[in-house]
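Please read each point alongside the model shown here.

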Amino acid sequence: MADDPLSTTFAALADPTRRAILARLADGAATVKELSEPFAMSGPAVSKHLRVLERAGLITRGRDAQWRPCALDATPLREVSEWADGFRRFWDDSYRRLDGYLERMKEQDDDD
Amino acid sequence: MTTDTTVSWTTPSAVEVAMTRTFDAPQKLVFEAFTKPEHVVHWMLGPEGWTMPVCEIDLRPGGRWHMVWQRADGSEMAMTGEYREVTPWSKTVQTESWGPEWPSTVNTTRFIADGDRTTVVQTMEFPSRADRDRALETGMKDGAETSYERLAAYLTSTG
């Protein structure tokens with residue numbers, strides 16, 4: 001199950017600090033030091049979160065040995081969003097059809 | 001005043017997904033639309049192209065329900081479960097599964113009266129986050145469009 005991309009993505013997204021890091025990276029690439037500041041966390045603690053995000057393919061790290069700036073990779077998020085879209089579409093379409101169907105039920109009620 | 005028919009989605013906990021939608025019809029009518037087969041088959045069909053040839057609902061605690069969706073090309077999907085609680089016009093609680101090898105979700109549907117309108121809150125509770133993820137994962141592996149539709153059906157939360 002750990003090999004499944006969607007499960008790995010969900011596990012990575014389950015932590016609020018990691019979601020906050022991703023939200024920060026949505027504004028642009030940042031170094032570990034820059035990412036540590038808003039969270040009042042040590043560099044190593046942030047690095048641990050970054051490793052989880054990197055394994056999930058949600059971020060990429062630069063090659064510069066000293067700074068290794070992090071950047072967001074939205075590809076796995078797209079998969080999550082596609083799943084949610086299918087679910088949403090099922091209910092959006094069903095509910096819209098129900099709106100019309102309820103109108104017909106109301107008319108039949110009036111006829112009784 | 002126009003009814004706001006936007007669907008709102010929330011995740012009340014790590015194992016729950018909830019959706020809220022208001023309908024321009026009184027509570028009793030909406031409850032019946034969700035719980036009587038002769039009504040359900042007309043609307044709980046998702047995207048265009050699906051019909052529901054089988055819809056059985058034994059609306060009482062311990063009563064079973066079973067639905068089968070079908071597409072013109074013959075592809076089918078089925079869902080089944082059991083009612084745990086039935087409070088006429090205001091609430092149902094039911095289990096739901098694709099089959100014996102699938103984890104059951106527990107789906108609570110609340111029908112909240114607001115004058116001539118009704119707000120429906122559907123909450124799906126998975127046994128664990130792992131089960132939720134497994135459900136997603138297996139739905140994803142097939143890759144094709146049908147898997148999304150199966151997944152949507154798996155998550156179909158009321159009968």
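1. In strand E8 of chain B, B:Thr119 is the bridge partner of B:Ile112. This pair belongs to the antiparallel pairing of E7 (residues 105–114) with E8 (residues 117–125) of chain B, which are joined by nine bridges. Helices (H or I, at least four residues) and strands (E, at least two) are DSSP runs, numbered from the N terminus, and two strands pair if DSSP finds at least two bridges between them.

2. The structure is a predicted model, in which local features need pLDDT of at least 70 and side-chain atom pairs count only at pLDDT 80 or more, while totals for chains, interfaces and linings use all residues. Residues are numbered from 1 along each chain as its sequence is written, and chains are lettered from A and ligands numbered from 1 in the order in which they are written.

3. Chain B contains an open sheet of eight strands, ordered E1-E2-E8-E7-E6-E5-E4-E3, with antiparallel pairing. Strands E1 (8–10) and E3 (50–57) of chain B each have a single partner strand, so one side of each lacks a neighbour in the sheet. From one strand to the next, the twist averages 20 degrees. Axes are lines fitted to C-alpha atoms, for helices over the stretch in contact, and angles run from 0 to 180 degrees between N-to-C directions.

4. Strands E4 (residues 64–71) and E5 (residues 76–87) of chain B are antiparallel and share seven bridges. In E5(B), B:Met77 is the bridge partner of B:Trp69. Four residues separate E4(B) from E5(B) in a hairpin, and in its turn B:Gly74 has a positive phi of about 95 degrees.

5. E5(B) is also joined to E6(B) by four bridges, again in the antiparallel sense. Here B:Thr92, in E6(B), is the bridge partner of B:Val86. These two strands form a hairpin with three residues between them, and B:Trp89 is in the turn.

6. Which residue other than glycine has a positive phi near 75 degrees? The residue is B:Trp89, located in the loop between E5 and E6 of chain B. Most residues other than glycine have a negative phi. B:Trp89 counts as partly exposed because it has 15 C-beta neighbours inside 10 Å. A residue is buried if 20 or more other C-beta atoms lie within 10 Å of its own, exposed if 12 or fewer, and partly exposed in between, with C-beta atoms placed from the backbone.

7. Helix H1 (residues 27–35) of chain B lies across E2 (16–23), E3, E6 (91–96), E7 and E8 of chain B, and runs at about 155 degrees to E7(B).

8. Chain A has five helices and two strands, in the sequence pattern α-α-α-α-β-β-α. Of its 112 residues, 24% count as buried. In helix H2 (residues 16–25) of chain A, the buried residues include A:Arg18, A:Ile21, A:Leu22 and A:Leu25. They lie on the same side of H2(A) because they cover an arc of only 100 degrees around the axis, the arc being that of the directions from the helix axis to the C-beta atoms. A:Pro16 and A:Ala23 are exposed on the other side of H2(A).

9. The mean pLDDT of chain A (the predictor's confidence in each residue, from 0 to 100) is 82, and 88% of its residues reach 70 or more.

Technical notes: Contact = placed C-beta atoms within 7 Å.
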